[in-house]
Amino acid sequence: MVEKLFGGKMTVQSYEAELKQLVQPEAEKVFEAVRTKIMSTGAFDIKPPGIDGLVVLVKAQPGLQTRLMDFRRRCQVASAVLGLSAAGKALSKMLSAPPA
């Protein structure tokens with residue numbers, strides 16, 4: 001499932017119904033695995049692959065919203081410290097956009 005969430009926006013949206021079927025502990029594990037993989041890329045000057053997947057996962061599993069907001073804050077802090085504000089701005093823009 002984790003690898004599926006690293007596709008393009010249209011690709012990951014096709015998994016929303018499957019993601020809704022996850023029980024909370026499974027959804028949390030998927031979220032953490034995707035978050036960890038995003039962080040391991042170290043590519044924060046552009047929107048890292050997997051961000052769209054996290055957004056779709058949280059849309060399907062609203063109980064993960066707090067985790068996503070925490071991840072957003074951490075990205076913004078890392079971006080500010082490292083001078084790589086594009087990732088934090090991209091994530092903030094995606095999270096503030098109206099749902100599709």
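**Notebook: salt bridges and overall fold**

I began with Glu28, which forms a salt bridge with Arg67, the closest N and O atoms being 3.7 Å apart. Glu28 sits in helix H3 (residues 24-41) and Arg67 in helix H5 (residues 65-82), so this pair ties together parts that are 39 residues apart in sequence. I note that the model is predicted.

I then looked up how accessible the two partners are. Glu28 is partly exposed at 27% relative accessibility, and Arg67 is partly exposed at 34%.

Next entry: Lys59 and Glu16. I find a salt bridge here, with the closest N and O atoms 3.9 Å apart. The pair links distant parts of the chain, 43 residues apart, with Lys59 in helix H4 (residues 51-60) and Glu16 in helix H2 (residues 16-20). Glu16 has a relative accessible area of 16% and is therefore buried, the cut-off being under 20%. Lys59, at 41%, is partly exposed.

I also checked a pair within helix H5. Asp70 and Arg73 both lie in that helix, three residues apart, about one turn. Their salt bridge has its closest N and O atoms 3.9 Å apart. I record Asp70 as partly exposed at 29% relative accessibility and Arg73 as partly exposed at 47%. In total I count six salt bridges in the structure.

Last, the whole protein. I list six helices and zero strands. Of its 100 residues, 33% count as buried. Among contacts between residues at least 6 apart in sequence, 66% join residues at least 24 apart. I put the accessible surface at about 5,700 Å², with 59% of it belonging to carbon and sulfur atoms.

Notes: Residues are numbered from 1 along each chain as its sequence is written. This is a predicted model: local features need pLDDT of at least 70, side-chain atom pairs count only at pLDDT 80 or more; totals for chains, interfaces and linings use all residues. Side-chain values use heavy atoms; hydrogens and water are left out. Helices (H or I, at least four residues) and strands (E, at least two) are DSSP runs, numbered from the N terminus. Buried means under 20% relative accessible area, exposed over 50%, partly exposed in between (1.4 Å probe, protein chains only). Contact means heavy atoms within 4.5 Å. Accessible areas come from the Shrake-Rupley method with a 1.4 Å probe; for residues, only the protein chains shown count as cover. A salt bridge is a side-chain nitrogen of Lys or Arg within 4 Å of a carboxyl oxygen of Asp or Glu.
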